[in-house]
Amino acid sequence: MNVRVVLIILAALMLESCSDTPSPSDARQKLANQIQQQSNGLIKLVSFEKTDGVMQEMMGIKAYQMSYTAEVEFLDDCIWTAGNNLVGWDGSFRAQRNQALSSGALNDFFNASQGLKPAKKGEHFTFTGQMAFEKTERGWH
């Protein structure tokens with residue numbers, strides 16, 4: 001019985017590494033890591049949903065483009081790179097605490113022109129995005 005269970009687990013692991021598309025859980029983890037690193041722990045991923053995907057192949061290289069909707073929560077009052085009206089949000093989660101910034105109208109104008117936006121602790125932000133993967137011998141990366 002134990003040998004059978006081990007064989008089933010090994011087969012499942014082999015199938016996972018050879019899957020036709022990357023898993024949404026792998027994409028979620030990749031995005032969560034990016035958010036954690038860029039935001040210095042001030043923003044966390046609270047939901048992730050795959051909405052679509054496209055398989056591509058160019059010159060023998062398999063690629064997959066995953067579309068998603070996600071939601072983040074701000075863990076403290078901060079200012080973050082939400083983008084500006086001309087360019088829009090660039091997909092970055094760089095953030096710093098408000099206390100690190102000076103106050104005043106000139107500073108507020110500078111922050112807005114640089115695409116910085118204040119966020120309050122507990123506030124949520126929902127966004128859509130795309131994530132690219134490349135197929136290698138060891139699976140999707």
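The structure is a predicted model, in which local features need pLDDT of at least 70 and side-chain atom pairs count only at pLDDT 80 or more, while totals for chains, interfaces and linings use all residues. Residues are numbered from 1 along each chain as its sequence is written, and side-chain values use heavy atoms, with hydrogens and water left out.

The chain contains three helices and seven strands, where helices (H or I, at least four residues) and strands (E, at least two) are DSSP runs numbered from the N terminus. Read along the sequence, these elements follow the pattern α-α-β-β-β-β-α-β-β-β. Of the 141 residues in the chain, 24% are buried. The accessible surface of the chain comes to about 9,700 Å², and carbon and sulfur atoms account for 55% of this surface; such areas come from the Shrake-Rupley method with a 1.4 Å probe, and for residues only the protein chains shown count as cover. Among contacts between residues at least 6 apart in sequence, 67% join residues at least 24 apart, a contact being defined by heavy atoms within 4.5 Å.

The buried residues of helix 2 are Ala27, Leu31, Ile35 and Ser39. Seen down the helix axis, these buried residues fall within an arc of 75°, so they line one face of helix 2, the arc being that of the directions from the helix axis to the C-beta atoms. On the other side of helix 2, Ser25 and Gln37 are exposed. Serine 39, which lies in helix 2 (residues 24–39), has a relative accessible area of 0% and is therefore buried. When residues up to four places away in sequence are not counted, serine 39 touches Phe93 and Ala95. Helix 2 is followed by asparagine 40, whose phi is positive, near 55°.

The strands were considered next, two strands being taken to pair if DSSP finds at least two bridges between them. An open sheet of four strands has the order 1-2-6-7, with antiparallel pairing, and its edge strands are strand 1 and strand 7 (139–140), each of which pairs on one side only. In general, strands of a sheet pair through backbone hydrogen bonds, either parallel or antiparallel. Strand 1 and strand 2 pair in the antiparallel sense over 14 bridges, and glutamate 49 has threonine 69 in strand 2 as its bridge partner. The hairpin of strand 1 and strand 2 has two residues between the strands, and in this hairpin methionine 59 takes a positive phi near 55°. Strand 2 is also joined to strand 6 by eleven bridges, and these two strands run antiparallel. Valine 72 stands opposite phenylalanine 125 in strand 6, whereas the bridge partner of tyrosine 64 in strand 6 is phenylalanine 133.

A search of the whole structure finds one salt bridge, defined as a side-chain nitrogen of Lys or Arg within 4 Å of a carboxyl oxygen of Asp or Glu. This salt bridge is formed by aspartate 76 with arginine 97, the closest N and O atoms being 3.0 Å apart. The pair links distant parts of the chain, since aspartate 76 is in the loop between strand 2 and strand 3 (78–81) and arginine 97 is in strand 4, 21 residues apart. Aspartate 76 is partly exposed, with a relative accessible area of 24%, and arginine 97, at 42% relative accessibility, also counts as partly exposed.

Aspartate 20 counts as exposed because its relative accessibility is 64%. Aspartate 20 touches Met55 and Trp140, residues up to four places away in sequence not being counted. Aspartate 20 and methionine 55 are 35 residues apart in sequence, with a C-alpha to C-alpha distance of 8.8 Å in space.

How values were computed: Buried < 20%, exposed > 50% of the residue type's maximum accessible area, 1.4 Å probe, protein only.
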